Amino acid sequence: MTARMTGASLIALMTVLATGALAAEFDGVSIDAKLIGGQQYEALYARISEWEEMTGATVNVISKKNHFELDKEFKSDIAAGTTDWCVGSNHSSFASQYPSLYTDLSALVPQETVDGFVQANIAAATLGGRLVMLPRAQFDVSALYYQKDLYEDADRAAAFEEEYGYPLAVPETWDQVKDQAIFFADPPNFYGTQYAGKDEAIVGRFYELVVANGGALFNDDFSPAFNSDAGRESLQWFVDLYDSGAVPAGTTNYLWDDLGNGFASGTIALNLDWPGWAGFFNDASSSKAAGNVGVAPAPKGSAGVRSGWSGFHGFSVTEDCANKEAAASLVDFLTNEESQKLESSAGPLPSRTAVWEWVAEEAKDDPYRAEVLAAFQETAATAFAVPPTEYWIEATNLIYPELQAAILGDKTVDEALSDASDAVDDLMQEEGVY
């Protein structure tokens with residue numbers, strides 16, 4: 001019978017033998033997890049039952065929220081000393097805030113596993129010499145999704161050129177995005193664009209516009225640098241869109257799921273968004289824009305720099321977990337090649353080298369996926385992470401209410417930037433940063 005076994009049968013047998021050993025090791029172990037929730041993240045979690053079957057362990061998802069809410073929960077747990085849950089969703093923008101929460105995975109995960117990731121991501125996941133997170137297939141940088149038929153109407157194109165003095169085409173700059181968003185808008189039925197309007201989300205968008213316009217959010221010593229010409233130009237962009245009615249009135253309360261569902265509703269012309277939405281937007285069962293979605297690289301600012309605020313999601317194991325080996329096994333499983341292929345098939349960018357190659361091969365015969373991949377690859381080539389300070393989130397919590405105040409007309413752009421700059425300066429000095 002052995003002589004007649006197929007290659008697939010041999011692989012299956014090897015899997016059974018290997019997972020049998022794992023089952024013996026983790027049988028009866030229970031792992032509590034706190035995970036990010038949201039449409040683009042959920043498909044991966046269906047694999048948890050596979051890991052449970054393989055290992056004999058069970059996973060209890062005790063919290064599932066967006067990262068802003070998880071951040072608050074993690075900090076509350078640290079303050080209360082209740083960090084004995086085991087696996088947590090993490091993100092490169094948040095990770096530096098938790099220096100004592102997560103354990104060093106380099107002692108729990110084989111080096112060959114670590115070597116399989118894009119090493120720039122591993123470097124960013126290593127803080128103070130400790131590997132605190134394994135990246136999942138959610139490398140984030142944003143490209144511009146748009147409704148294609150808006151650019152296929154000759155009468156519309158003629159009217160636009162008469163009003164703005166240049167041909168209507170998919171925008172290459174943020175000034176063009178603003179012009180077109182105002183032109184396309186027909187509130188309350190249709191809007192030119194939208195943006196996340198609170199928390200770190202709007203500060204991240206503001207940050208990348210400041211960079212694209214030739215400025216910086218912080219100086220080298222992490223003193224605030226955004227109260228500048230580039231900062232004023234960037235904030236004015238948000239204000240002008242809001243004042244014109246080109247964005248929904250509720251945009252100052254929007255976060256990522258609101259934006260994704262908004263574009264999928266078919267009522268938004270242009271939408272800067274993450275790769276994880278690509279499949280959702282072009283799926284007729286979830287999106288009214290399906291079949292009409294184009295994707296282009298992120299636009300450039302007035303300095304000729306492409307916006308490219310980036311980061312990546314991952315999973316971490318707490319220092320207080322009672323069974324770190326089982327928890328690390330789960331994290332390894334959720335970030336392995338098969339898991340990353342599953343996530344990447346819907347559009348998100350992988351963080352494993354081999355899966356990048358697989359995605360490129362898979363996209364060859366799918367025009368939409370090829371367009372998505374090309375747009376995000378071009379944007380990723382000049383992407384930049386958040387400033388490397390552990391006070392990033394605290395700083396954004398001071399900045400975003402001031403940005404909102406300017407957008408809503410409660411303060412002038414100058415007043416908002418001055419007040420935000422003073423608040424961040426006070427924070428950094430109080431924390432002894434300079």
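1. K341, in this predicted model, counts as partly exposed at 21% relative accessibility, a value just outside the buried class, because buried means under 20% relative accessible area. Its salt-bridge partner is E338, with the closest N and O atoms 3.9 Å apart, and E338 is likewise partly exposed, at 48%. Both residues belong to helix α14 (residues 337-344), where they sit three residues apart, about one turn of the helix.

2. E42 is partly exposed at 28%, and K64 is partly exposed at 41%.

3. A further salt bridge links R232 with D229, the closest N and O atoms being 2.8 Å apart; the two residues are both in helix α10, three residues apart, about one turn of the helix. R232 is partly exposed, with a relative accessible area of 28%, whereas D229 is exposed at 59%.

4. The open sheet has five strands in the order β2-β1-β3-β10-β6, with mixed pairing. Its edge strands are β2 (58-65) and β6 (134-140), each of which pairs on one side only, and neighbouring strands are turned against each other by 25° on average, direction ignored. Within the sheet, β3 (residues 87-91) and β10 (residues 311-317) pair in the antiparallel sense over five bridges, and S89 stands opposite F315 in β10. Helix α13 (residues 324-334) lies across β1 (30-36), β2, β3, β6 and β10, and runs at about 155° to β10.

5. The largest nonpolar core holds 133 residues, of which I31, V87, Y145, F206, L235, F281 and V295 touch the most other members. When residues up to four places away in sequence are not counted, the contacts of F281 include Y145, F263, A289, V293 and Y368, together with the polar residues N271, D273 and S287.

6. Which side chain makes a polar contact with that of Q180? The partner is Y151, and the contact is 2.5 Å. Q180 is placed in helix α8 and is buried, at 0% relative accessibility. Leaving aside neighbours within four places in sequence, Q180 also touches F160, L168, A169, V170, P171 and L270.

7. A395, in helix α17 (residues 392-407), is buried with a relative accessible area of 0%. Beyond four places in sequence, A395 touches F218, V424 and L427, while A395 and M428, which are 33 residues apart in sequence, are 8.6 Å apart in space from C-alpha to C-alpha.

8. Some backbone values deserve a careful look, because most residues other than glycine have a negative phi, and most peptide bonds are trans. The peptide bond from P187 to P188 is cis, with omega near 5°, and P188 is found in the loop between α8 (174-184) and α9 (199-212). D199, in helix α9, has a positive phi near 55° and is buried, with a relative accessible area of 11%. F222 also has a positive phi, near 70°, and is found in the loop between α9 and α10 (229-244).

Definitions and conventions: Residues numbered from 1 in each chain as written. Predicted model: local features only at pLDDT ≥ 70, side-chain atom pairs only at ≥ 80, totals over all residues. Heavy atoms only, no water. Core = buried A, V, L, I, M, F, W, Y, C linked by side-chain atoms within 4.5 Å. Buried < 20%, exposed > 50% of the residue type's maximum accessible area, 1.4 Å probe, protein only. Contact = heavy atoms within 4.5 Å. Helix = DSSP H or I, 4+ residues; strand = E, 2+ residues; numbered from the N terminus. Polar contact = N/O pair within 3.5 Å; in protein donor to acceptor, adjacent residues only side chain to side chain. Pairing = 2+ DSSP bridges. Axes fitted to C-alpha atoms, helices over the stretch in contact; angles between N-to-C directions. Salt bridge = Lys/Arg side-chain N within 4 Å of Asp/Glu carboxyl O.
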